[in-house]
Amino acid sequence: MNPFFEFGEAELFVAYRDGRPVGRVAALINHRHNELHDPDVGFFGLFDVVDDEAVARRLVEAAADWLRTRGKQAMLGPTNFTVNQECGVLVDGYDREQSFLTPYNPRYYPAHLESAGLTKAKDFWGWHGPVPSEPPAGMCRAAQWAARRPSVRVRTVRMRDFSAELRTFQDIYNAAWADNWGFTPMTSRQVAYLTRQLRPVVRPQLLLVAEVDGAAAGMLLAVPDICVALRAAEGRLTHRGLPLGLLRMRRAARRITHVRVLAGGVHPKHRRLGLDALMYTEMMRTFYRLGYQTFEAGPTLEGNLAITRVADRVATRTRTYRLYCEDI
């Protein structure tokens with residue numbers, strides 16, 4: 001079961017026309033979010049709809065009506081299921097194919113949601129860039145300054161002690177992101193659930209931990225973009241009983257040259273030590289050494305200057321994802 005249901009509840013709606021499904025939406029109540037932020041806010045998510053403004057409006061109304069009967073006065077979304085997972089609608093950047101663990105939708109989604117009365121709450125940004133043979137000079141200087149401290153080092157994740165590393169990830173992630181808009185701490189079950197999804201594609205060289213005096217102080221996580229392999233299967237793992245799609249996926253997986261930077265952060269008490277620059281330079285050099293040609297970072301909340309300043313130095317902002325809101 002999705003760990004969201006440890007602290008949240010949902011109602012699922014499907015729209016039909018002439019007996020055929022033409023859209024879906026989930027109305028969501030995240031009690032952890034309500035405790036930490038605003039008790040009057042509900043969410044919608046898992047949104048999918050045909051190109052029909054009226055159907056989109058009915059789905060939004062169904063989610064809002066359900067939330068209203070449970071005392072909510074505003075609705076945010078889409079989120080699947082929380083802001084720690086895919087959230088928002090792609091509004092800019094359709095010229096590139098979908099990447100792993102990023103929202104992707106037809107171009108008509110924003111217009112249909114706005115026609116249903118929703119307006120922008122927050123934007124999230126994504127970046128693309130070529131993998132350089134050497135990181136930017138300014139970043140290298142900051143990394144060298146950090147590395148001069150004998151108490152500081154960067155290492156790769158210890159796969160033999162993966163459970164302990166997960167707890168490290170959880171602690172740093174929750175501390176580093178605590179002040180972000182709408183953030184709710186990840187639970188141990190959420191981290192474990194995400195790890196089960198990622199483990200088949202994990203390359204230990206792409207999971208970095210920064211330490212100060214032997215204690216974990218920062219982390220940076222990246223994975224190969226397996227959407228390249230998924231597209232090779234053309235939506236089917238088997239054909240006439242033969243695992244042709246699976247074979248195509250495995251063959252394509254060996255040729256992945258695009259990598260996704262999923263998350264990174266430094267514990268607040270260890271900021272201003274240059275750990276972020278140290279991890280990013282090590283990661284960039286690893287990308288180059290492993291033969292990756294391009295990378296993608298984000299989605300990152302607009303206004304998160306600590307991340308956006310770094311990303312703007314090493315890549316080009318190419319995608320915008322929008323989280324919508326409505327008073328109900």
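1. The side chain of H128 makes a polar contact with the side chain of E296 at 3.1 Å, where a polar contact is a pair of N or O atoms within 3.5 Å; within protein, one atom must be able to donate a hydrogen and the other to accept it, and residues adjacent in sequence count only if both atoms are side-chain atoms. H128 is found in strand β6, helices (H or I, at least four residues) and strands (E, at least two) being DSSP runs numbered from the N terminus. H128 counts as buried because its relative accessible area is 7%; buried means under 20% relative accessible area, exposed over 50%, and partly exposed in between, with a 1.4 Å probe and protein chains only.

2. This is a predicted model, in which local features need pLDDT of at least 70 and side-chain atom pairs count only at pLDDT 80 or more, whereas totals for chains, interfaces and linings use all residues. Residues are numbered from 1 along each chain as its sequence is written, and side-chain values use heavy atoms, with hydrogens and water left out.

3. E296 also has a relation to strand β10, where R260 lies: the C-alpha atoms of R260 and E296 are separated by 5.0 Å, although the two residues are 36 residues apart along the chain. With a relative accessible area of 1%, R260 is buried.

4. T82 lies in the loop between β4 (74-77) and β5 (89-92), and its side chain reaches the backbone nitrogen of N84 at 3.1 Å. Is T82 buried or exposed? T82 counts as buried, because its relative accessibility is 2%.

5. On a 1 Å grid over the protein atoms alone, a pocket is an open set of points with protein on both sides within 12 Å along at least five of seven lines, a cavity is a set of points where a 1.4 Å probe fits but cannot get out, and lining residues have an atom within 4 Å of a point. Grid points are joined across faces, edges and corners, and a volume is the space filled by probe spheres set on the points. Among the elements that each supply at least two residues of this lining are β6 (119-130), β10 (258-266) and α9 (275-290), while β11 gives the most, with 6 residues. By class, the lining of the largest pocket has 35 nonpolar, 11 polar and 2 charged residues, with Ala, Val, Leu, Ile, Met, Phe, Trp, Tyr, Cys and Pro counted as nonpolar, Asp, Glu, Lys and Arg as charged, and the others, Gly among them, as polar.

6. The second largest pocket has a volume of about 700 Å³, and of the 31 residues that line it, V266, R271, D276, A306 and I307 are the closest to its centre. Two or more residues of this lining come from each of α4 (137-147), α5, β9, β10, α9 and α10, and α10 gives the most, with 6 residues. The lining of the second largest pocket divides into 19 nonpolar, 6 polar and 6 charged residues.

7. The structure holds 14 aromatic pairs, rings of Phe, Tyr and Trp (its six-membered ring) being paired if their centres lie within 6.5 Å, with planes under 30 degrees apart counted as stacked, over 60 as edge-to-face and the rest as tilted. Y108 and Y109 form a tilted pair, 5.4 Å centre to centre and with 55° between the planes. Y108 counts as partly exposed at 22% relative accessibility, whereas Y109 is buried at a relative accessible area of 5%. Elsewhere, F4, F5, F7 and F81 form one aromatic cluster.

8. Two arginines deserve a look beside tryptophan rings. The charged end of R317 sits over the ring of W125, 3.8 Å from its centre, and R149 lies over the face of W145, at 4.1 Å from the ring centre. A charge sits over a ring if NZ of Lys or CZ of Arg is within 6 Å of the ring centre and within 35 degrees of the ring normal.
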